[in-house]
Amino acid sequence: MRTQVAIVGAGPAGLMLGRILERAGIDAIILERRSADYVLGRVRAGVLEQGSIELMDEVGIGQRMHHEGLVHHGVELSFDGDPHRLDFQHLIGRHVMVYGQTQVTHDLMDARAASGAQTVYAAEDARLLDFDGEHPRIEYRKDGVTHRIECDFIAGCDGYHGISRASVPLGALETFERVYPFGWLGVLVDRPPVAEELIYAHHERGFALCSMRSPTRSRYYVQVPAAERVEAWSDDRFWDELRARLNPQTAAALRTGVSIEKSIAPLRSFVAEPLRFGRLFLVGDAAHIVPPTGAKGLNLALSDVRVLGAALVEFYGERSAAGIDAYSATVLKRIWKAERFSWWMTSLLHVFPETGAFGRRIQRAEFDYLVGSRVAQQSLAENYTGLLD
Ligand code: APR
Ligand code: PHB
């Protein structure tokens, strides 16, 4: 097989890149290790920044999002039961959209199926070859048969555990990492959300987040130790712990039920540099991980894709390599700003076992400063709704 751009991974990054290229008349094949149903079955993030909303519209798949997505003009932050609302609209005239990554992926898959563009699911053992020269190729197995794709470029959109970053020669890549000593235990439940907006709560028992997927489906999280096992958490234990971390009115309003998904995600900050090696690009979670506290993971993946998509369109349209040459430096600037914000939100809202009483006083002072300063609130709002570049 021959294509212009071979995309590894059919998560939101790979599918969105495929969509941008398809609309520009550039041929691409997507290789995905799993099945489409498996990809759609993963419960992931749920908040779109304004730039992501705009990208969905630009590529012509924003319709369902505008119909079913929930526009949020603010969030609540609470510290030891003391709640404060941040009104993004008021502070900086911007908003976010609550629309799950699963739905984004669904919309992209539907559009791809309708266009007839090729996605190979259940593609095993992908090997990325010769991307340091002019003629990269990928070999993979499907149904016991080995296939080969020749291409001009490879886009590594295969997530944190993918093969793309691992294919880069040792020593060509520098990585930066912070692993937090806790994870998030998440529960999905078919009950109306406890509040109209998201609630991020710091409590001495640990962080809690009240989020949602729709007016009838809620997503809740509590901070747990990194080594915690999900089996140790019955639904009742989860609801009791969540209630203990919310302010009493919110706790009383919580609508609990049987969880339809329950899992623990570790928290990590990670960046690889650079993000281009010859004709291979790293994109999305393959390139960077943020802790979920700032709701940046999906948005950052989509902003990488926007830059790479435009660079490839420029390459094929104008025969200019300026965009692809600048890709790594351009996206890393934004990535590090999102890393900073995600690290900061994480630091403010979680309980860090190692920082002791001094650390908690500093967190309280940070919170008091925030709720007393319009400038500090504007900074949070600007970062949360998405920096403009
Ligand atoms: N070959 C083919 N596909 C692969 C391989 C491989 N060797 N390894 C991984 N994949 C696939 C995975 O099965 C997955 O479907 O690549 C896809 C990567 O998708 P995501 O992990 O969703 O990553 P990305 O598209 O960058 O989206 C980032 O995901 O983790 C969240 O918070 C993050 O919301 C953000 C988003
Ligand atoms: C979610 O709804 O899953 C969610 C929302 C906001 C976050 C993280 C996760 O910051």
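**Strands and helices in a predicted model**

Trainee: In E20, which residue is the bridge partner of Val 271?

Mentor: His 288 is the partner. Strands here are DSSP runs of E, at least two residues long, and helices are runs of H or I, at least four; both are numbered from the N terminus.

Trainee: How do E17 and E20 pair?

Mentor: In the antiparallel sense, over 2 bridges. E20 covers residues 288-289. To pair, two strands need at least two bridges found by DSSP.

Trainee: What should I know about the model?

Mentor: This is a predicted model, where local features need pLDDT of at least 70, side-chain atom pairs count only at pLDDT 80 or more, and totals for chains, interfaces and linings use all residues. Residues are numbered from 1 along each chain as written, chains are lettered from A and ligands numbered from 1 in written order, and side-chain values use heavy atoms, without hydrogens and water.

Trainee: New topic. What is the strand order in the open sheet of 6 strands?

Mentor: E8-E2-E1-E12-E19-E18, with mixed pairing. E8 (119-120) and E18 (276-277) are the edge strands, each pairing on one side only.

Trainee: Do E1 and E2 run parallel or antiparallel?

Mentor: Parallel, joined by 4 bridges. Val 8 is partnered by Leu 31 in E2.

Trainee: And which strands does helix H1 touch?

Mentor: E1, E2 and E12. Contact means heavy atoms within 4.5 Å. H1 (residues 12-23) packs on the sheet.

Methods. Axes are lines fitted to C-alpha atoms, for helices over the stretch in contact, and angles run from 0 to 180 degrees between N-to-C directions.
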